[in-house]
Every structure is written in C-alpha cells, then in structure tokens.
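Please look over the structure below with an eye to its charged pairs, its strands and its aromatic rings. The briefing that follows takes these topics in turn.

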Amino acid sequence: MKKYQNKIKRMITLLFPLFILFTLVVNLVFPDKEISFVENRSLQTFPEMNRTTLSDGSFEIKLSNWFADQFVGRNGLIHLRYGMLKMLGQKKIDHIYLCGKQLIEDAKLPNEKQMSRNLKAINAFSEDHSDVDTSFLLIPNAVYVQNNRLPYFSDERDQGKIMDSIYGKLDDSVQVFDVRKGLKEHSKEYLYYKSDHHWTSLGAFYAYQTWQNQQGNKDVKLEDYDQYVVSNNFHGTLANGSGSFGIKDKISIFVNKNLSDYYVQEAKQKNKGSIYDSSFLKTNDQYSVFLGGNKDIQRIELNNNSKRHLLLFKDSYANSFIQFIMNDYRSITIVDPRYYRDNIEKVMQDDLITDVMYLYNTNTFVEDTSLADVLGE
C-alpha cells in the first residue's frame, strides 16, 4: 500500500509542472479578460516587462496575479468551490454568510484612523457652514437588520456598536437620523437583495419614511408611489464573490405619483430626462439602473416650489434613495467622494446649497478614504 502511495506521489510530482506549463501556454494563447463578471472586479492583464518592472519586482508580482486571474476555467472553479463548501455544511465563505436562499455580508471592521478623520471633517464642514442644515444618515446593512436570518452560532460583528460609536463622534450641528428602528420593524420584508450587498427600493423607502417621520412628517405612505419591477434576474455582488449560482433578485423602481418635472445633468454630458438608466438592465451591473451608476457629480433640477437646494455626499446606497427625495428639494447636487476631485466650496456657492446630507451604508463608511479630502480636511 505504501509503495502504491509513493508511486502516486511521484506521478503527481512529475505531472504537476507539466500541468502548470500547459496552463501557462493556454493562458498566453487565449486573450486576457479585463473584467470578471462572476466576481464583479477588474482582472490583472499580462504585465508590461521592462527594466524598471524587472528591477523593482513589480513584474513578478503582477505576473503571479495575472496567472491567478486569467487561469483557464477559473469561473467554473469558483462556482465549484461554492457548491462543494455548501454541501460540506459551510456557513460562511470569506466575508459572506450563506443563509439559505440569501447571502449576507458580514459587518466590516472600521479603519479607525481614517474614519475619525472623516468624522472630524464632517464636523468642521458643518461648523464652517453653520447657515446650512446638515443631516447624517448611516444605513445599517442586512447583517444588522436581518441578523435573525444568519446561520446558527454565527460570529458576526456587532454593527450596532460600530454605528453608536460613529454617532457619538458627531457634533450637535450635525443632525443624526437613526433609521435602524424603522428598518428593524420591517425586517421580514424584502429590504435587501438576496444576492447583493445593496438594499432594495423598499428598504430605501422605509429609511426615507423614518427620515420624514423624525422631521415631523407622518404622511409618507407606500401608496404615494407607483412600483414597477424592471428586472427579475439580478445576480449581485455577493453571489458573484462567493460563486453562488442559484440566487437571483428582482429590482423595482418607485415613482412618486405627484413627481415634479425634472432633468438630470452630468459633467460633460447632455441633460437626461430620467434618474433611471434602463440600459444597465442588459448588463451584469443591473443595480446601476439607479442614476446610471456612481459618477463624480450629478445635478437634478426640479420644477417645484421648494426653496431648498441639497448637496448629497453619498455611496451607492443613495442611488436608490434619491427616487424618494425628489419632491423635497428644488435641486439636488450629488457628489460621490470616491470619484470627485474638484473644489466643493465652489459647488456650495454655485448651486446655492441650503442643505447638506451624508448618506452611506455602514460597511462603506467605515472603510471610506475619500470623504475628508473632498471636504478639505
């Protein structure tokens, strides 16, 4: 028996280098893919080889990444890995919990130094613009709102404590709108996509309703909106990242029945007549039906009687929230700090800003490295 096992080991030792060589040749023959739609990320293409990259070691690192990213059959192996781990009773793949027919991303640990810098910048910006109303909406993720769906004996991080810590570092000049209770009350509903880390339009509505209630407006109802299902085959980032192939979502848009006329203006582009971009429904990035995805700056001009002009600092959670606040402002200037590089003070003046809002999901906010720079801190 031992002799047989040693023979098998020798065969593997001899054949493995040949397998690697064969795979390398195949990878060189087939053209590189720039994007993995399964993982929803960019892939390493074959690196440039020159004196600099060879001497500083970057060529070797990128070549290794290229081989891993361009490995023939890689997407199939990702799906296979998911299926095998699930059959073996695995409850979590990397940072993603397998919750029956739903995938839930774990709470992320804060980048404490950068997060403190961002909060300091928010406080300073609010103090410098004391004539402007500043609001802060931090959105909990499904791991907090729907934690009852997590597998038994999960070791998820306490996102509620993370959010409490953030709220405690904001000055009184920044009005905090805590939407946790409002979302928790509807936790059994379709608040978060099952295959994606974003919330649904319904989740965004309940946060909007809570935001309005905390300002004294108790009249916001679901019946105020026409709801349209625009996709029944959304396969999101969590499914792509884990390799799941059996979970799909539907995407709905909510349109206020009394919505004012409006247009959307983007940098270096013509005005658009809708906050929705249906072309993305034909792509892997279907969530970008809202606003056409993340842009550096966008402006919405509305034909209503409001005298309020909003500057919204946001991540992608705000993209589906904006459909609810359209009638609350005369104009909405949307800035994604991850992509914005210009002078924000000029925006404050040019767009006659009366209100500033920060809207982020918690997992993005605790890792953000851009907000403080945009605010000038």
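Are Tyr-208 and Trp-211 buried or exposed? Both Tyr-208 and Trp-211 are buried, where buried means under 20% relative accessible area, exposed over 50% and partly exposed in between, computed with a 1.4 Å probe on protein chains only. This is a predicted model, in which local features need pLDDT of at least 70 and side-chain atom pairs count only at pLDDT 80 or more, while totals for chains, interfaces and linings use all residues. Residues are numbered from 1 along each chain as its sequence is written, and side-chain values use heavy atoms, with hydrogens and water left out.

**Aromatic rings**

- The whole structure holds 23 aromatic pairs, a pair being rings of Phe, Tyr and Trp (its six-membered ring) with centres within 6.5 Å, called stacked when the planes are under 30 degrees apart, edge-to-face when over 60 and tilted for the rest.
- Tyr-208 and Trp-211 make a tilted pair, at 5.7 Å centre to centre and with 40° between the planes; both lie in helix H9 (residues 201–213), three residues apart, or about one turn of the helix.
- The ring centres of Phe-313 and Tyr-358 are 5.2 Å apart with the planes at 15°, so this pair is stacked.
- Because Phe-313 belongs to strand E12 and Tyr-358 to strand E14, the pair ties together parts that are 45 residues apart in sequence, and both of these residues are buried.
- Ring pairs also link a cluster whose members include Phe-177, Trp-199, Tyr-208, Trp-211 and Phe-324.
- The charged end of Lys-184 sits over the ring of Tyr-144, 5.0 Å from its centre, the criterion being NZ of Lys or CZ of Arg within 6 Å of the ring centre and within 35 degrees of the ring normal.

- Helices (H or I, at least four residues) and strands (E, at least two) are DSSP runs, numbered from the N terminus.
- Seven of the seven residues of strand E14 (residues 355–361) are buried, so the strand is largely enclosed by the rest of the structure.
- On one side of E14 the buried residues are Asp-355, Met-357, Leu-359 and Asn-361, and on the other they are Val-356, Tyr-358 and Tyr-360.
- Strand E6 (residues 133–139) pairs with E14 in the parallel sense over seven bridges, where pairing requires that DSSP finds at least two bridges between the strands; Thr-134 stands opposite Val-356.
- Strand E12 (residues 309–314) also runs parallel to E14, joined by five bridges, and Lys-314 has Leu-359 as its bridge partner.

**Salt bridges**

- There are 16 salt bridges, each defined as a side-chain nitrogen of Lys or Arg within 4 Å of a carboxyl oxygen of Asp or Glu.
- Arg-117 and Asp-373 form one of them, with the closest N and O atoms 2.6 Å apart; since Arg-117 lies in helix H5 (residues 112–128) and Asp-373 in helix H14 (residues 371–374), the pair ties together parts that are 256 residues apart in sequence.
- Arg-117 is partly exposed at 28% relative accessibility, and Asp-373 is likewise partly exposed at 47%.
- Lys-272 and Glu-266 form a salt bridge at 3.0 Å between the closest N and O atoms, in which Lys-272 is partly exposed at 23% whereas Glu-266 is buried at 6%.
- Asp-350 and Lys-346 meet in a salt bridge at 2.6 Å, N to O, and they are separated by about one helical turn because they are four residues apart in helix H12 (residues 344–350).
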